[in-house]
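Here is a short briefing on one protein chain. Look at the fold before reading the points.

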Amino acid sequence: MTRRISAALVMLIILSVSIFSFKQKEPSQQPQQKQKLRRIVIDAGHGGGDVGALGKYSKEKNVSLEVALILQQYVEKEIPGVEVYMTRTTDVYDSPIEKANKANAAKGDLFISIHCNSAAPHKRSEIVGYKTVTKKNKKTKKTTSKKVPIYKTYYISNQAKGTETFIWATGKSDQKANALKNHEDLYMDSTTAAELKDFNPEDPEMEIILSLKTKQYFDRSARFAMTIEEEFIKTGRPSRQAKQRGKGIWVLQAVAMPAVLIEIGFISNPDEEDYINSEKGQNEIAAAITNAIKRYKYTLETSGIKQGSMSAEKK
Ligand SMILES: [Zn+2]
């Protein structure tokens, strides 16, 4: 009898402890689980009169749009709670400034620009025959003939292949800080905008926060770029790695959010042109980028660095 009572008591203690800890855990877990990746801006490179690089039969502006649209579907289907904003869904031209403004106005938390790479063909020439050239000396009136080779110049396609993901160069970080400063309350990414809404832009602390944000965006962009290339490698693509570039990717510096530019393959390489135009290739590329976004989101939302800590620095 006493044994039964003590057994019941033990059960009761276990039960109440677990109820207590459950009750304790639940409310504290909820507000901490901040969603840091809410809106992704997907930018299909080029468009309209800006056709981008040309392959044998396809144009970069079309391939990048097709892949961007598949990526949109994948993200919306596989990453619940994340919205996608497209800079274009049809064959239209927007200047990089307009694209950056759209992305900033959409308050994206991550900017992904899709492009195709291109490498100039190699120029070759070979001797295809000989011809005889006769010259007459004006003084001596003597004629001489000479055999000279006939050259034919031709181009062979560059075999460069693989994927590359770019982030803005570190030297350009000042521009990034300016993008943040000028777009301060209009254009901050959704999380930062909420955190900084009470801040006075003249406040010297604002400068510190902007430079911290710039650093944070750089780190995040670099991490995301490396993750994308890792995912491409998993699908068997040759990776040319994540790189920094200061030229030709102005839009990456102009958006107030972590940003990458993905070169999904070489349109100038006949094999790769086929791959990036194929249904299989486009699906694989979109799936690899989606997996990278999932990993990026997971790391962002489970990392020890609390984004909310910025508000605490206010005092
Ligand atoms: Zn391009």
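The notes below go from the overall fold to the sheet, the core and the confidence.

This is a predicted model, in which local features need pLDDT of at least 70, side-chain atom pairs count only at pLDDT 80 or more, and totals for chains, interfaces and linings use all residues. Residues are numbered from 1 along each chain as its sequence is written.

**Overall fold**
- The chain has 11 helices and eight strands. Helices (H or I, at least four residues) and strands (E, at least two) are DSSP runs, numbered from the N terminus.
- Of its 315 residues, 34% count as buried. Buried means that 20 or more other C-beta atoms, placed from the backbone, lie within 10 Å of the residue's own.
- Among contacts with a separation of 6 or more, 78% join residues 24 or more positions apart. A contact means that two C-beta atoms, placed from the backbone, lie within 7 Å.

**The sheet**
- Six strands make an open, mixed sheet in the order S2-S1-S3-S8-S6-S7. Strands pair if DSSP finds at least two bridges between them.
- Strands S2 (83-86) and S7 (239-245) each have a single partner strand, so one side of each is left without a neighbour in the sheet.
- S1 (residues 39-44) and S3 (residues 110-117) run parallel, joined by five bridges. Aspartate 43 sits opposite serine 113 in S3.
- Helix H2 (residues 60-78) lies across S1, S2, S3 and S8 (259-266), at about 145 degrees to S3. Such angles run from 0 to 180 degrees between N-to-C directions, with axes fitted to C-alpha atoms, for helices over the stretch in contact.

**Core and helix H10**
- The largest nonpolar core has 53 residues; Ile112, Val255, Val260 and Ile289 touch the most other members. H10 gives the most to this core, with eight residues.
- A nonpolar core is a set of buried Ala, Val, Leu, Ile, Met, Phe, Trp, Tyr and Cys residues joined through C-beta atoms within 7 Å.
- Beyond its neighbours within four places in sequence, isoleucine 289 contacts Leu71, Ile112, Ile228 and Ile262.
- Buried residues in H10 include Gly281, Ile285, Ile289 and Leu300.

**Confidence**
- The mean pLDDT of the chain is 81, and 73% of its residues reach 70 or more. pLDDT is the predictor's confidence in each residue, from 0 to 100.
- Among the elements, H2 has the highest mean pLDDT (98) and H11 (residues 309-312) the lowest (33).
- Where pLDDT is low, the predicted coordinates should not be read in detail.

Conventions:
A residue is buried if 20 or more other C-beta atoms lie within 10 Å of its own, exposed if 12 or fewer, and partly exposed in between; C-beta atoms are placed from the backbone.
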